[in-house]
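Here's a quick briefing to read with the model open beside you. Have a look first, and then we'll walk through the contacts topic by topic.

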Amino acid sequence: MVPLVHPLSDVRDAAGPARGRRPRVGVALGGGSARGYAHIGVLCALERRGVVPSVVVGTSFGALIGALYASGRPLASLRSEAERLRRRDVFPRILDLGVGRGALLRGDRLEAYVERLVEGRHFEDCALPLVVVATDLDSGERVSLRSGPLAPALRASATLPGLFAPVQLGGRRLIDGGIGAPVPLETLRGEGVDLALGVGAGVEVRDSAALRVARGLLAGAAGTGFRTLLARAGGRGHWGGLVRALALTTEAWTTAAEALPEGDDDQLHVQTRPPISWLRFDRADRAISAGDAAMEGAWPRLQGSLQRWSAASS
């Protein structure tokens, strides 16, 4: 294991107050599978500017990147490892058929793969506070995981409905946190941060003709009837869980915003728009570069917020 001290834990932001504590900046990293490598680029750009997050919140692939970062892994190491990765390094290690459990894959091998990546750590081992966001399959509630082993929590947050079987954790059946919160910015509200930065790496509705068509169909009368039917058909068994997950997914598509809003002074959004598909783990370099460029473009907004915080707190 690497030492549990964040490599830049003592850095003070240049735009923060000259005296007293620096502003507590929280980052919320959204999902997007391989597109989520963009989060590495965003974190690299922040560190270049002297901004080290005080709290990291993540969902799905963003939770994995957040966990590795919060564990103290240097970004240079994360970047080089991601850029060397090939799809053959990922898929054979996570494939375990699970049709009998209401999903294509069981997810046990996914958890084992994540366990190796995080070196068996628990939340309590992290050098920075970390929150992993999942969705309760039965209630649709957002669930914040912040204690215990990292691997099962990360597996739960990345459990795409129908692809991986739901994860039993803490008496709940959990699935992908991105269903309830594509970018879990709201979770930062209770973490005592002064400034919250949400980072998106998924496909926005305005950029996807398929999502626009799906949302249009689901928003109509036929779509309403379909969602109602799904909600009534859901049960407690494996296949009932799959139906319930489908209902939650269609509801999320229906209510999805056209795009991330830019936000205001203390809650900002950055959309990275990585130019790769969600399964192209062999193109991490493109996603990382997109994240870096997006954060550089958004820096004036964040810098302005930091300066206003500094003025207000002086």
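Predicted model: local features only at pLDDT ≥ 70, side-chain atom pairs only at ≥ 80, totals over all residues.

- Strand 3 (residues 130-136) and strand 4 pair in the antiparallel sense over four bridges. Strands here are DSSP runs of E with at least two residues, helices are runs of H or I with at least four, and both are numbered from the N terminus. Two strands pair if DSSP finds at least two bridges between them.
- The two form a hairpin, with five residues between strand 3 and strand 4. Gly140 sits in the turn and has a positive phi of about 80°.
- Strand 4 (residues 142-145) has a covered face made of Val143 and Leu145, while Arg142 and Ser144 make up the uncovered one. As background, side chains in a regular strand alternate between the two faces of the sheet.

- (Buried means under 20% relative accessible area, exposed means over 50%, and partly exposed is in between, using a 1.4 Å probe and protein chains only.)
- The Asp136 side chain reaches the backbone nitrogen of Ser139 at 3.1 Å.
- Asp136 also makes a side-chain to side-chain polar contact of 2.6 Å with Arg172. A polar contact is a pair of N or O atoms within 3.5 Å; within protein, one must be able to donate a hydrogen and the other to accept it, and residues adjacent in sequence count only if both atoms are side-chain atoms.

**Salt bridges**

- The model has 15 salt bridges, counting a side-chain nitrogen of Lys or Arg within 4 Å of a carboxyl oxygen of Asp or Glu.
- In one of them, Glu296 pairs with Arg49, with the closest N and O atoms 2.9 Å apart. Glu296 is in helix 10 (residues 284-313) and Arg49 is in the loop between helix 1 (38-48) and strand 2 (55-59), so this bridge ties together parts that are 247 residues apart in sequence.
- Both ends count as partly exposed: Glu296 at 27% relative accessibility and Arg49 at 34%.
- Glu81 and Arg73 form another salt bridge, with 2.7 Å between the closest N and O atoms. Glu81 is partly exposed at 34%, whereas Arg73 is buried at 10%.
- Arg280 and Asp282 meet through their side chains, at 2.7 Å from N to O. Arg280 is buried at 17%, and Asp282 is partly exposed at 21%.
- Shared partners join Arg48, Arg49, Asp292 and Glu296 into one salt-bridge network.

**Aromatic pairs**

- How many aromatic pairs are there? The count is four. Rings of Phe, Tyr and Trp (its six-membered ring) pair if their centres lie within 6.5 Å; planes under 30 degrees apart count as stacked, over 60 as edge-to-face and the rest as tilted.
- Tyr37 and Phe61 have ring centres 4.9 Å apart and planes at 75°, so the pair is edge-to-face. Tyr37 is in the loop between strand 1 (25-29) and helix 1, and Phe61 is in helix 2 (residues 61-70), so the pair ties together parts 24 residues apart in sequence.
- Tyr37 is buried at 7%, and Phe61 is buried at 11%.
- Phe91 and Phe281 are also edge-to-face, at 5.8 Å centre to centre with 75° between the planes. This pair links distant parts of the chain, 190 residues apart: Phe91 is in helix 4 (residues 91-94), and Phe281 is in the loop between strand 8 (267-271) and helix 10.
- Phe91 is partly exposed at 24%, while Phe281 is buried at 8%.
- Tyr37, Phe61, Phe91 and Phe281 form one aromatic cluster.

**Nonpolar cores**

- The largest nonpolar core has 66 residues, and Tyr37, Ile40, Leu46, Leu130, Leu154 and Met295 touch the most other members. A nonpolar core is a set of buried Ala, Val, Leu, Ile, Met, Phe, Trp, Tyr and Cys residues joined through side-chain atoms within 4.5 Å.
- Helix 10 supplies the largest share of this core, nine residues.
- Leaving aside neighbours within four places in sequence, Leu46 is in contact with Val27, Val51, Leu197, Met295 and Leu302. Contact means heavy atoms within 4.5 Å.
- Another core, of 10 residues, lies apart from the largest one and includes Val55, Leu185, Leu188 and Val193.

Methods
Residues numbered from 1 in each chain as written. Heavy atoms only, no water.
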